[in-house]
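Q: Could you walk me through reading this model, feature by feature? I would like the general idea each time, then the case at hand.

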Amino acid sequence: FALLAPAHKDVQLHLDLTLDRTFFLDPEAMKQIIVNIGLNAYQAMPTGGNLSVTSRRQGSAVQLIFADTGQGIARDDLARIYDPFFTTKEVGEGTGLGLSVTYSLIRHLGGTISVESEVGKGSTFTITIPEKTTR
């Protein structure tokens, strides 16, 4: 999140990333997932807000919850947010690939992603990634 923070000084970041054991996950895939979801959250709060990132153990999986107080996602758009090239951003502000790539990475890792959102109140993305069975 240090990569994202300098451009978004009015966003307060709250981290609770304590797990009770070590998990073996694909570090590059996890980095890409975290950056993509984090960047979308920051962009959804152009005038500031709060982003909370929480990790917790879910059996033999890691669950990451990203909750922002941003603009939220319109109900009609929710079904399309993982589609390649779908974006609600202005031309030149996004490619519409961030969530599509994130979705693909999560599915490749055997995980799931879900979102709850309300316009004007923010969004919560919940990602669950099972531990790698081979090391």
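Q: Is lysine 31 buried, exposed or partly exposed?
A: This is a predicted model. Buried means under 20% relative accessible area, exposed means over 50%, and partly exposed lies in between. Lysine 31 has 48% relative accessibility, so it counts as partly exposed.

Q: Which residue does the side chain of lysine 31 meet in a salt bridge?
A: Look for a Lys or Arg side-chain nitrogen within 4 Å of an Asp or Glu carboxyl oxygen. Here the partner is glutamate 28, at 3.5 Å from N to O. Both residues belong to helix 1 and are three residues apart, about one turn of the helix. Glutamate 28 counts as exposed, at 53% relative accessibility.

Q: How many salt bridges does the count come to?
A: The count is four. Another one of them pairs arginine 57 with aspartate 20, with the closest N and O atoms 3.2 Å apart. Arginine 57 sits in strand 2, while aspartate 20 sits in the loop between strand 1 and helix 1, so this pair ties together parts 37 residues apart in sequence. Arginine 57 is partly exposed at 41% relative accessible area. Aspartate 20 is exposed, with 59% relative accessibility.

Q: Where do arginine 21 and glutamate 131 lie?
A: Place each partner in its element before judging what a pair links. Arginine 21 is in the loop between strand 1 and helix 1, and glutamate 131 is in the segment after strand 5. Their side chains meet in a salt bridge, 2.8 Å from N to O. The pair therefore ties together parts 110 residues apart in sequence. Arginine 21 is partly exposed, at 32% relative accessibility. Glutamate 131 is buried, with a relative accessible area of 13%.

Q: In what order do the elements of the protein chain run?
A: Read from the N terminus. The order is β-α-β-β-α-α-β-β. That comes to three helices and five strands.

Q: How many bridges pair strand 2 and strand 3?
A: Start with the direction, then find residue partners. Strand 2 (residues 49-58) and strand 3 (residues 61-68) pair in the antiparallel sense over eight bridges. Leucine 51 has aspartate 68 in strand 3 as its bridge partner. Arginine 56 stands opposite glutamine 63 in strand 3. The two strands form a hairpin with two residues between them, and glycine 59 in the turn has a positive phi of about 65°.

Q: Which residue in strand 5 is the bridge partner of glutamine 63?
A: The partner is threonine 128. Strand 3 and strand 5 run antiparallel, joined by eight bridges. Seven of the eight residues of strand 3 are buried, so this strand is largely enclosed by the rest of the structure.

Q: How many bridges join strand 4 to strand 5?
A: Seven bridges join these antiparallel strands. Serine 114 has threonine 126 in strand 5 as its bridge partner. Three residues lie between the strands of this hairpin, where glycine 120 takes a positive phi near 85°.

Q: Which residues make the nonpolar surface patch?
A: Leu13, Leu15 and Leu17 make a patch of about 250 Å². Leucine 15 belongs to strand 1 (residues 11-16). Leucine 15 is partly exposed, with a relative accessible area of 49%.

Q: What percentage of the residues of the protein chain count as buried?
A: Finish with the whole chain. Of its 135 residues, 36% count as buried. The chain exposes about 8,200 Å², and carbon and sulfur atoms supply 51% of that area. Among contacts with a separation of 6 or more, 69% come from residues 24 or more positions apart.

Methods: Residues are numbered from 1 along each chain as its sequence is written. This is a predicted model: local features need pLDDT of at least 70, side-chain atom pairs count only at pLDDT 80 or more; totals for chains, interfaces and linings use all residues. Side-chain values use heavy atoms; hydrogens and water are left out. Patches are made of residues with over 30% relative accessible area and no salt bridge: like charges are joined within 9 Å, nonpolar side chains (Val, Leu, Ile, Met, Phe, Trp, Tyr) within 5 Å. Accessible areas come from the Shrake-Rupley method with a 1.4 Å probe; for residues, only the protein chains shown count as cover. Helices (H or I, at least four residues) and strands (E, at least two) are DSSP runs, numbered from the N terminus. Buried means under 20% relative accessible area, exposed over 50%, partly exposed in between (1.4 Å probe, protein chains only). Two strands pair if DSSP finds at least two bridges between them. Contact means heavy atoms within 4.5 Å.
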